[in-house]
Amino acid sequence: MSDHRRLNPQQREAVETLRGPVLILAGAGTGKTRVITHRIAHLIACGIAPGHILGVTFTNKAAREMLERVRELLPRRQAEGKTRSEERPTICTFHSLCVRILRQHIERLGYKRNFVIYDESEQLAAIRKILSHLSARGEKTDPHAILSWLSRYRNGGERAVASADPGVRAMAEHVASRYESALRACNAVDFDDLILLTLRLFREHPDALEACRERYRYVLVDEYQDTNAAQFELVHALTREHRNLCVVGDDDQSIYGWRGAEIANLLDLERHYPEVKVVTLEQNYRSTTTILKAANAVIRHNARRRAKQLWSDQGAGAKLTLFSFANDDEEATSVVREIENARLARRAGWQDHAVLFRTNGQSRPLETALRKAGVRYRLIGGQSFFDRREVRDLLAYLKLMVNPADDISLLRIANVPARGLSEATMQRLLAASQERKGSVFDAMKNPVVLAGFPLRSRESIERFVAWVEATAGRLETPVHGAAGALAAWADGFLEEIGYYQELRRGEKDAEAAENRVRNLKDLVGSLDGPASGQEPLAAQGRPGPLNLNPPRRVR
């Protein structure tokens, strides 16, 4: 069995209570990850088949780290184990779990198994396309607001959108069915669909639910305070028969109500699992007593919470200092002043400092202050790698080859590089596809539609269709059989269509052009990376950084 001697009594109780529902209330810094990983290792050591264990986290990074820590805890023969997926514990995100289930069963819901997953920009493009038909009515609404309303409503129901703007609500209700039909026509789903379609599958096909229950007999959920209504329903469907559910969370750390998280999932767990055993972790290993006293004094005023009192054996530590600023620029100036004071007084290097902020928009005053003071810095996460133009273009190409009915991807790259398919030509094709209730690619193959185009445009369209079909046909033979084969194919593909040359032509700055090429080379090189059950790259969560409040001191 895994060694539990380094666990405190509460941690050990949480690890060794294996049967029935368990709620682990894990305050900040109390070692919840250690408890989760020891619990999974203990299940395996007690003879539970690894394939019957499901651990759900909120990011792929957390899932990978958790799986690695479980392997470290197991005896070598078990850690090395066998390579079949059913002989390893499944540790993944909610969305990745649902992708696995839907890849097996989605045909029962009328979709093809090779469905594509739309990310936010593709969702917005679909909504803009729908809204364009309403422009004649003079109704102009922010597509981001529409998408936000749809997501909150689909995941949390009426309660989740109770405070929404009435105008946004009215338009979103008008758009909803059209949006779902548009995705269905392209054999596409969005991230919300991954969970909602899985729930629909379970309701309409009980045998599929029973198969999942039979496989996942022990379910653990991390960060349970951040689950929404749909995620709770999914967990409850999987566990309400065998009752072997372990959830780990802290109501005091619930910060995602704005995106549909239901703190009641944690606070009211006894309603659904009356026999639940509650284990509270209160010993903090991260902070001093002074910090914990301050945190406890603030948190105890929360209206609804489960009682807990964090404590530490690390001593009182330094007193707290509060910083207050009149505005963002003053804050940024003070941050830079503190960095320079540390550099001069304590010989701390610039590389020894990190400035954390909550949103990308907060980087502007900080960067301005750093530049003004001549401080060299490196900005991390200013723009998502997958939001870069060249990366999105390649992903659109790959999606199109898998699913030519994907209008969003086709419209993005049809004339990139230039192929004689002008914006006007594509708009006419789009209109024709809407009239015939089909895809743009279908319109491009329709002789009646093509007859209305000038000869040169018609030839360009026909060449494009032939090229897509030929390339997609070649891809029907797997290219990933040999190591590096898919990456080599993608690199050759980009050379063949002249995309690298297009990037170099389109940038006035040669260094910027080469940066874009390097971005693509990095993405291409990752295509043959290990596929250990991770969800699609575009589905990986990217939580924002935290805020740091330095300089002017108020005692």
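Predicted model: local features only at pLDDT ≥ 70, side-chain atom pairs only at ≥ 80, totals over all residues.
Residues are numbered from 1 along each chain as its sequence is written, and side-chain values use heavy atoms, with hydrogens and water left out.

Asp-393 lies in helix α17, and here helices (H or I, at least four residues) and strands (E, at least two) are DSSP runs, numbered from the N terminus. Asp-393 has a relative accessible area of 5%, and so it is buried; buried means under 20% relative accessible area, exposed over 50%, and partly exposed in between, with a 1.4 Å probe and protein chains only. Leaving aside neighbours within four places in sequence, Asp-393 is in contact with Arg-412, Ile-413, Val-416 and Tyr-499, contact meaning heavy atoms within 4.5 Å.

Helix α17 also holds Glu-390, which counts as buried because its relative accessible area is 1%. With neighbours within four places in sequence again set aside, Glu-390 touches Tyr-499, Leu-503, Arg-516, Asn-519 and Leu-520.

Let me turn to the loop between α16 (363-372) and α17 (389-402), where Tyr-377 is found. Is Tyr-377 buried, exposed or partly exposed? Its relative accessibility is 30%, so Tyr-377 counts as partly exposed. Not counting residues up to four places away in sequence, Tyr-377 touches Glu-367, Leu-370 and Arg-371; its side chain is joined to that of Glu-367 by a polar contact of 2.6 Å, and it makes another polar contact, of 3.1 Å, with the side chain of Arg-371. Tyr-377 and Gln-351 are 26 residues apart in sequence, with 8.1 Å from C-alpha to C-alpha.

Now to helix packing. Two packed helices are described by the angle between their axes and the distance between the axes. Helix α15 (residues 328-346) packs with α16 at an angle of about 45°, the axes being 8 Å apart, and α15 is therefore oblique to α16. The contact is made by residues of α15 that include Asp-328, Ala-332, Val-336 and Ile-339, and by residues of α16 that include Arg-364, Pro-365 and Leu-370.

For the axes, lines are fitted to C-alpha atoms, for helices over the stretch in contact, and angles run from 0 to 180 degrees between N-to-C directions; angles under 35 degrees count as roughly parallel, over 145 as roughly antiparallel, 65 to 115 as roughly perpendicular, and the rest as oblique.

Elsewhere, Pro-9 is found in helix α1 (residues 9-16) and counts as exposed, because its relative accessibility is 55%. Pro-9 and Leu-281 are 272 residues apart in sequence and 9.4 Å apart in space, C-alpha to C-alpha.

Among contacts between residues at least 6 apart in sequence, 75% join residues at least 24 apart.

Conventions. Polar contact = N/O pair within 3.5 Å; in protein donor to acceptor, adjacent residues only side chain to side chain.
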